[in-house]
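Biologist: I've got a structure open and I'd like to walk through it with you. Can we take it one question at a time?

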Amino acid sequence: MALDAVCLSAVLEELRPTLEGGKIDKIYQPSRDEILLAVRGGGENVRLLLSASPNGPRLHLTKEVRENPAQPPMFCMLLRKHLTGARILRLEQPELERIVLLRMEATDELGDKVGRTLVLEAMGRRANLILLDGEERILDCVRRVAGDVSTGQRAVMPGMFYRLPEPRPGLSPLLERELDFRSNGESRTESLEQKLSRLRDILGREGGPYLLLREGKATDFSCLPILQYGPDTELRRREHFSKLLDEFYAGRATAEKVGQRGADLLKAVTRARERVARRVAQQELEREATRDRERKRELGDLLTSNLYALEKGMCTVRLSDYYDPEGREVDIPLDPLLTPQQNAAKYYKEYNKAKTAERVLGEQIEKGRGELTYLDSVLESIHLAEGERDLLEIRQELTETGYLRRGDKAAKRMKTASKPMEFRSTAGLRISVGKNNAQNDLLTAKLAGKGDLWLHTQKIHGSHVILWTGGEAPDARSVEEAAVLAAWFSQGREGKKVPVDYTPVKYVKKPAGARPGMVVYTTYQTAYVDPDGELAKKLRVK
């Protein structure tokens, strides 16, 4: 969600004791629409983030490290000129508006005290950061807006006097729905003042920074407990709004970055798989064409048996076919430039060539199918990737197996592998789930003991799962829970009765030369589980 006016008001209440009276030491602009102010005040040094990003306009204290460009942007240079050393006097917010005005006292070139204001308009796609002089005149802004008289669009340009956008008092859709839910529909007919009164009462009793999660992933945030979604949504209270916003937007930024990089990898692997699939299909057609090779040998035999009846220069000959059960005659094409013996030898040569081709094509098709199986496992790994390090591991694996070109510096810099996913069974046993082939190999071939239990979906691409037993026989419930995780983290997650094979690790082997993540196993049992049942949901929430 965007930071609504009510939540923004709560954020400002939290920030005022720290920021008001503080001095700005340093100013950075890590991206086009983000400003970082290093503020010294309240007995501590803090970093204030002001973001005019259309996807998440906001302000809050941050501890996230952001990389700054080598050359500061012009707007950053302007802010440094006017605001370095400035004292923050107060934080203002027009009522029910997503606008913050940081009123400051700065020093100009002559050493005189002058007023400066940094305005954050946190209004979605119209978000902006605007610097004003002491007379409320615009010095510059992140997004210059020419304005449009016909549509009433406000102009925001250097040299113009700043004026607030047209007021749009109201509550966010999330809070409107929450009031409706809590009042059993009564709030629908209430005035804005009545709704605000009801909301203030709730905030007085229950207000605070709340993170909303579904299946363990942050989906939203609010300044009060959101009850309308029921038990499917988990509420987690945070100590500070800044911590909440830092966590929420850092996670979303990572997810977007991972999503973009994952999409690039997905595209590259999909292209590679399509190439292999086309090659295998062509090889299968060519192998099918070799199926009549025995007839080539038979025609060679017929010509050899009737050399006396053949002459050089003949284009065809009709002979009795003793391979035909009914003894019918057959017309055999001949090369007029070859002798009878050479024509017979030609048919034998074509027979031998087709025989060899079938064997070679069979080997190539088998190899190609192995490639398809491997690339399918990589595609599944990309979908399971939770962070940039997971994707770097997959990229490194694809580079080492020859599907991507070398030269990825990020992959070369990576020294430590990312960690598999970790869960606990009801009985407290540890369950590890590999997110890619590198982790699968690490879990199965190096970390797991011979007595630990290995689980994998039957004939379906998925993660290697290890139930750590410490050499003891695991309880049936733990085995079922590990099987549920194996089914969920596989291509079979949409099924209802997914077969999962399980066996002690000592029965799992990696053949010499096998691709990453590929193993064979024996002496196994099979469990049939629902990967999206209640048990699965409880496990994933843990």
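Biologist: Let's start with Tyr521: what is its relative accessible area, and is it buried, exposed or partly exposed?

Modeller: Keep in mind that this is a predicted model. Buried would need under 20% and exposed over 50%. The relative accessible area of Tyr521 is 23%, so Tyr521 is partly exposed.

Biologist: And how many aromatic pairs does a search of the whole structure find?

Modeller: Any pair of aromatic rings is described by the distance of the centres and the angle of the planes. To count as a pair, the ring centres must lie within 6.5 Å. Searching the whole structure on that basis, the number of aromatic pairs is eight.

Biologist: Take Phe423 and Phe489, then: which kind of aromatic pair do they form?

Modeller: Their centres are 5.9 Å apart, and the angle between the planes is 45°. Stacked needs planes under 30 degrees apart and edge-to-face needs over 60, with the rest called tilted. So, at 45°, Phe423 and Phe489 count as tilted.

Biologist: Where in the chain do those two sit, and how many residues apart are they?

Modeller: Phe423 belongs to strand S15 (residues 421-424). Phe489 is in the loop between helix H11 (476-488) and strand S19 (498-504). The pair therefore links distant parts of the chain, and the separation is 66 residues.

Biologist: Are Phe423 and Phe489 buried or exposed?

Modeller: The cut-off to remember is under 20% relative accessible area for buried. Both Phe423 and Phe489 fall in that class, so each of them is buried.

Biologist: Back to Tyr521 and its partner Tyr524: why is their pair called edge-to-face?

Modeller: The ring centres of Tyr521 and Tyr524 are 5.2 Å apart. Tyr524, for its part, is partly exposed at 42% relative accessible area. What settles the name is the angle: over 60 degrees counts as edge-to-face, and the planes of Tyr521 and Tyr524 stand at 75°.

Biologist: Which residue lies over the face of Tyr249?

Modeller: Tyr249 is part of a cluster that ring pairs make with Phe221 and Phe248. Over the face of Tyr249, at 3.9 Å from the ring centre, lies Arg58.

Biologist: How about Tyr374, how far from its ring centre is Arg515?

Modeller: Here again an arginine lies over a ring face: Arg515 over Tyr374. The cut-off for such a charge is within 6 Å of the ring centre. Arg515 meets it with a distance of 5.3 Å.

Biologist: Where is Glu178, and what is its relative accessible area?

Modeller: Glu178 sits in helix H3 (residues 173-182). Leaving aside residues up to four places away in sequence, Glu178 touches Pro225, Ile226, Leu227 and Gln228. Glu178 is buried, with a relative accessible area of 0%.

Biologist: At what angle do H3 and H4 cross?

Modeller: The axes of H3 and helix H4 (residues 192-206) come within 11 Å of each other. Their contact has four nonpolar, no polar and five charged residues. H3 is roughly perpendicular to H4, as the axes cross at roughly 85°.

Biologist: What is phi of Asn184 near?

Modeller: Most residues other than glycine have a negative phi. Asn184, in the loop between H3 and H4, is exposed at 72% relative accessible area. Its phi is positive, near 55°.

Biologist: And what phi does Lys459 have?

Modeller: Lys459 lies in the loop between strand S17 (453-457) and strand S18 (465-467). At 81% relative accessibility, Lys459 counts as exposed. Lys459 is not a glycine, yet it has a positive phi of about 60°.

Notes. Residues numbered from 1 in each chain as written. Predicted model: local features only at pLDDT ≥ 70, side-chain atom pairs only at ≥ 80, totals over all residues. Heavy atoms only, no water. Phe/Tyr/Trp six-rings, centres within 6.5 Å; stacked < 30°, edge-to-face > 60°. Helix = DSSP H or I, 4+ residues; strand = E, 2+ residues; numbered from the N terminus. Buried < 20%, exposed > 50% of the residue type's maximum accessible area, 1.4 Å probe, protein only. Lys NZ or Arg CZ within 6 Å of the ring centre and 35° of its normal. Contact = heavy atoms within 4.5 Å. Axes fitted to C-alpha atoms, helices over the stretch in contact; angles between N-to-C directions. Parallel < 35°, antiparallel > 145°, perpendicular 65-115°, else oblique. Nonpolar A, V, L, I, M, F, W, Y, C, P; charged D, E, K, R; others polar.
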